[in-house]
Amino acid sequence: PLRKEGEAAQRRWGPGARRPMTTLCAWSDPGGEAENQDACFTLDLPEATVWGVFDGHGRDHGALAARVAAAAVEREISQARDRLLASPEATLRFAFEAAHIEVLDAIRRAEGDGLVAVAGVLLRRADPESTADGAPPWEAVDGGTTATVCCFLHGPNTLVTASVGDSAALLARGARLADGREAGDRSKTDDGSFLLLAPDHSPTSALECARLRARPEGRQLRFVYRSPRAGEEGHAPLNIWRPARHPPPGGGAADTEGGVGAAAGSSPGGAPLPELDRASLARAEAEGVPFKNARRELHASILTPDGWPLRGRGGKAYAVGAQALCMTRSLGDSLHKAFGVVARPDTRAVDLAAPFARANGA
């Protein structure tokens with residue numbers, strides 16, 4: 001079999017070519033939750049090897065969103081093998097959009113009767129007990145997922161990554177850690193020999209905040225740290241960013257790629273970058289806001305406004321309760337899509353012949 005694969009590789013890519021050997025491993029942990037909302041897939045094609053990781057979120061439909069998205073992306077890629085080789089980044093963007101639509105369709109079917117779709121947002125009646133206290137009468141159906149997909153193109157020896165959300169992808173080279181272990185045992189080596197392939201789509205990303213604030217609806221969002229004291233009487237929200245000094249331009253920058261070529265002080269679309277609220281950050285640390293990952297990033301959310309009126313047919317208004325989301329791009333999450341959260345991934349292509357050349361200034 002290896003000889004046959006080698007002969008096929010030489011026909012496809014030229015003399016001396018050989019199909020690369022890869023090792024795939026997967027491990028998942030529910031993280032203290034009752035339900036594991038993770039999903040993944042691997043796809044081994046003659047021309048490429050593809051890995052996909054999906055971390056669902058949302059009490060009701062997070063696991064469903066991850067499973068549906070994983071199956072949809074795997075199917076779309078396997079059915080578009082020719083396009084994958086010719087235009088890998090465009091192929092991955094198409095697969096993500098298809099998965100986003102299928103996630104919303106699956107949630108709609110799971111909810112059944114009583115669901116109302118208003119301006120693309122899936123709504124249901126709120127709990128009568130909560131509305132008795134003056135809460136909005138409608139709530140958005142929750143459920144969405146991150147998506148990080150890495151595609152190793154054998155012929156050009158290129159790794160293409162597409163991602164939404166905060167599921168990281170790291171590329172490490174064979175350096176040793178300070179304690180002698182091989183690189184890859186943890187994300188940071190003694191000489192920093194790794195690349196972060198998936199950009200940061202979290203509320204603490206200045207580029208993503210600028211992208212969202214470039215839209216009128218996005219300026220209604222609040223970017224806050226998730227304090228254990230949130231909800232206590234008299235507790236002020238811990239805002240991540242200081243208020244904008246002047247309104248960013250309307251429209252534009254809605255789907256800019258996540259930070260490549262950004263000028264200092266501005267996003268790729270030209271919107272000004274927000275200024276970190278350092279006093280609020282100090283309060284967050286003092287109140288014990290937990291880290292969400294090994295990179296010591298604090299737990300944070302974007303909040304939609306409480307009672308926001310969505311307009312349906314005939315101008316009917318549906319007042320919707322606030323909803324939190326811990327990322328700025330995702331698949332699913334219909335309410336946040338109305339405020340500028342997108343399913344469009346950031347993509348990156350890395351030449352594996354010299355993957356660290358650009359990072360080292362070569």
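Mentor: The protein has eight helices and 17 strands, where helices (H or I, at least four residues) and strands (E, at least two) are DSSP runs numbered from the N terminus. This is a predicted model, in which local features need pLDDT of at least 70 and side-chain atom pairs count only at pLDDT 80 or more, while totals for chains, interfaces and linings use all residues. Residues are numbered from 1 along each chain as its sequence is written, and side-chain values use heavy atoms, with hydrogens and water left out.

Some context for the whole chain comes before the pairs. Of the 362 residues, 43% are buried; buried means under 20% relative accessible area, exposed over 50%, and partly exposed in between, with a 1.4 Å probe and protein chains only. The accessible surface is about 18500 Å², and carbon and sulfur atoms account for 50% of that area; the method is Shrake-Rupley with a 1.4 Å probe, and for residues only the protein chains shown count as cover. Among contacts (heavy atoms within 4.5 Å) between residues at least 6 apart in sequence, 64% join residues at least 24 apart.

Now the pairs. The structure contains 17 salt bridges, a salt bridge being a side-chain nitrogen of Lys or Arg within 4 Å of a carboxyl oxygen of Asp or Glu.

One of them joins Asp166 to Lys292, with 3.2 Å between the closest N and O atoms. Asp166 belongs to the loop between strand S8 (158-164) and strand S9 (170-172), and Lys292 to the loop between helix H7 (278-286) and strand S12 (300-303), so this pair ties together parts that are 126 residues apart in sequence. Asp166 counts as partly exposed because its relative accessibility is 25%. Lys292 has 24% and also counts as partly exposed.

Glu208 and Arg211 form another, their closest N and O atoms 3.1 Å apart. Both are in helix H6 (residues 206-213); because they are three residues apart there, about one helical turn separates them. Glu208 is buried, at 3% relative accessibility, and Arg211 is buried at 1%.

A further pair is Asp346 with Arg329, where the closest N and O atoms are 3.8 Å apart. This bridge links distant parts of the chain: Asp346 is in strand S17 (residues 346-351), and Arg329, 17 residues away, is in the loop between strand S15 (324-325) and strand S16 (331-332). Asp346 and Arg329 are both buried. Elsewhere, salt bridges with shared partners connect Arg59, Asp60, Glu111, Arg124 and Glu139 in one network.

Asp333 is not a glycine, yet its phi is positive, about 55 degrees. Asp333 sits in the loop between S16 and helix H8 (334-337) and is buried, with a relative accessible area of 4%. Ala119 likewise has a positive phi, near 55 degrees, in a residue other than glycine. Ala119 lies in the loop between strand S3 (116-118) and strand S4 (121-125), and its relative accessible area of 63% makes it exposed.
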